[in-house]
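Please consult the sequence and the structure shown here while reading.

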Amino acid sequence: MLISDFTIMCDDCGRKYRIPSDSLDVDYVCSERPMGTEVQHIFCGVMDCQCGNRLSYKITAVEYPEGAYNFHTCESVGCTYIDEPSAEMDYYLPEPVLSIYEEILQNPGYVYNLEPCEFEELVADVFRRMGFNADVTQKTHDGGKDIVATFEMGGGLYTTYFECKRYSPDRPVGVEIVRELYAVMEMERVDKGVIVTTSHFTRGAVAEAQRLNGRIRLIDFDELCRLMQQK
């Protein structure tokens, strides 16, 4: 609950004082009522006027039911309110929750906190933004591919298989992964494959992909970050 600054006047000498709301002591009283919890926010202060008169003031703002401002009262001893404070609810707005995509754009190292299945979802999201219809496969029968993506071009529908490796930076993807994905592609007659990793590729893996004349594309973490930054 928030209240505004206000002005009081000493009843003895007429001197006026502007009271900032952040100078007040604050207390709370809660009680249960038929429509829910009533919360009283009590703002109070005391001071001595230059004439020696003791001035005290108390504002009680009530929310009832909890979360809804109801009314407020102003009390004083030794002084009079020249302008009373207003009161309003201080609604809490939580910090926006970042998606995994946004989190990694701000802090690429966050990717190493992901579970492999979360990394697969991230990769699928990246390629959806690029125009693919990408679906993560079920782990019980993925058949050697983590994502199946389709792309329409020139009236034709093209299918791409993705293999995702959420490896530590010092663990490269080797040639055997390239060969395994290629075997699945050949068996299921898919022309294009992509291997995406949070690491990098061995020389053997790069050479094998080159030998396949572009049928398998290798995307290391640096390139994945560049793809994520594309509008």
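**Pocket lining and salt bridges**

Q: Which strand gives the most to the lining of the largest pocket?
A: The model is a predicted one. Strands β11 (147-153), β12 (156-165) and β13 (192-197) each supply at least two residues of this lining. With four residues, the strand that gives the most is β12.

Q: What is the volume of the largest pocket?
A: Rolling a probe the size of a water molecule over the atoms shows where empty space is left. For the largest pocket, the computed volume is about 220 Å³.

Q: Which residues are the closest to the centre of the largest pocket?
A: The lining comprises 15 residues. By class, two of these are polar, four are charged and nine are nonpolar. The closest to the centre are Phe 132, Tyr 158, Thr 159, Thr 160 and Lys 192.

Q: How many salt bridges does a search of the whole structure find?
A: Side chains of opposite charge can pair when their charged atoms come close. The criterion applied is a side-chain nitrogen of Lys or Arg within 4 Å of a carboxyl oxygen of Asp or Glu. Searching the whole structure on this basis gives a total of 11.

Q: How many residues apart in sequence are the parts tied together by Asp 83 and Arg 18?
A: The side chains of Asp 83 and Arg 18 form a salt bridge, with an N to O distance of 2.7 Å. Asp 83 belongs to strand β8 (residues 79-83) and Arg 18 to strand β3 (residues 16-19), so the pair ties together parts whose separation in sequence is 65 residues.

Q: Is Glu 75 buried, partly exposed or exposed?
A: Glu 75 meets Lys 58 in a salt bridge of 3.7 Å, N to O. The pair links distant parts of the chain, with Lys 58 in strand β6 (residues 54-63) and Glu 75 in strand β7 (residues 69-77). Lys 58 has a relative accessible area of 32% and is partly exposed. Because its relative accessibility is 41%, Glu 75 counts as partly exposed.

Q: What separates Asp 125 and Arg 129 in helix α2?
A: Asp 125 and Arg 129 form a salt bridge whose closest N and O atoms are 3.3 Å apart. Asp 125 counts as partly exposed at 22% relative accessibility, whereas Arg 129 counts as exposed at 53%. Because they are four residues apart in helix α2 (residues 116-129), their separation is about one helical turn.

Technical notes. Residues are numbered from 1 along each chain as its sequence is written. This is a predicted model: local features need pLDDT of at least 70, side-chain atom pairs count only at pLDDT 80 or more; totals for chains, interfaces and linings use all residues. Side-chain values use heavy atoms; hydrogens and water are left out. On a 1 Å grid over the protein atoms alone, a cavity is a set of points where a 1.4 Å probe fits but cannot get out, and a pocket is an open set with protein on both sides within 12 Å along at least five of seven lines; lining residues have an atom within 4 Å of a point. Grid points are joined across faces, edges and corners, and a volume is the space filled by probe spheres set on the points. Ala, Val, Leu, Ile, Met, Phe, Trp, Tyr, Cys and Pro count as nonpolar, Asp, Glu, Lys and Arg as charged, and the others, Gly among them, as polar. Buried means under 20% relative accessible area, exposed over 50%, partly exposed in between (1.4 Å probe, protein chains only).
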